[in-house]
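Have the sequence and the 3D view ready.

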Amino acid sequence: MTVLAIPPWMTSEFARLDTLLARVVLAMRMRRALTQQEFRGMLVTDAQIDAALGGQGRPPPVAVVPAPAPPEFGPRTPWQDVTERLGLGHAERDALLLGLAVQIDRRYEAVFAYLNDSMALRVPTVDLAMRVFEGLPGVADAVSYTHLRA
């Protein structure tokens, strides 16, 4: 269920987020050996996640998932304006997009619950952000537990 219509100028950002999330889904499936019958109704199924992420199949390795390049010609997007005005680098932009995703499109609730391994936790967490953006440049600096200490 989409809360807001994803504007055309954000489709490449959400497509990239879906690819990054699909990498974490695949890694989680390789580690998990739960039977679906045992937990029927208490978990989000693999089929539901595949549908939510557009059935991407096997996602590319992180090195093949570059940040979308800004268009060289044509109008600037509101997303570019906001992130530049806030002085955000690629890692911070990714973290902001991850946080906004569930507010824009409710299908991410199921994806986040699946990846957090908890139906009650349907929002992105710092741990999830670290797993989703692992290996991308600047992530260790932008999202780390040491920055959260008081």
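## Ground rules

This is a predicted model, where local features need pLDDT of at least 70 and side-chain atom pairs count only at pLDDT 80 or more, while totals for chains, interfaces and linings use all residues. Residues are numbered from 1 along each chain as its sequence is written, and side-chain values use heavy atoms, with hydrogens and water left out.

## The whole chain

The protein chain has seven helices and zero strands; helices (H or I, at least four residues) and strands (E, at least two) are DSSP runs, numbered from the N terminus. Written out from the N terminus, that gives α-α-α-α-α-α-α.

Of the 150 residues in the protein chain, 33% are buried, where buried means under 20% relative accessible area, exposed over 50% and partly exposed in between (1.4 Å probe, protein chains only). The accessible surface of the chain is about 9000 Å², and carbon and sulfur atoms own 60% of that; the areas come from the Shrake-Rupley method with a 1.4 Å probe, and for residues, only the protein chains shown count as cover. Take the contacts (heavy atoms within 4.5 Å) with a separation of 6 or more: residues 24 or more positions apart account for 71% of them.

## How H4 meets H5

Helix H4 (residues 90-104) packs on helix H5 (residues 107-116) at about 125°, with the axes 6 Å apart. Axes here are lines fitted to C-alpha atoms, for helices over the stretch in contact, and angles run from 0 to 180 degrees between N-to-C directions. H4 and H5 are therefore oblique to each other, since angles under 35 degrees count as roughly parallel, over 145 as roughly antiparallel, 65 to 115 as roughly perpendicular and the rest as oblique.

On the H4 side, Leu-98, Ala-101 and Val-102 do the touching, and they meet Tyr-108, Glu-109 and Phe-112 of H5.

## H5, mostly under cover

How many of the ten residues in H5 are buried? Seven are, which leaves H5 mostly covered. Among them are Tyr-108, Val-111 and Phe-112. The buried residues of H5 pack against helix H1 (11-31), helix H2 (46-52), H4 and helix H6 (126-132).

## A look at Thr-83

Thr-83 sits in helix H3 (residues 78-85) and is buried, with a relative accessible area of 1%. Leaving aside residues up to four places away in sequence, Thr-83 touches Leu-88 and Arg-93. Thr-83 and Arg-93 are ten residues apart in sequence and 6.6 Å apart in space, C-alpha to C-alpha.
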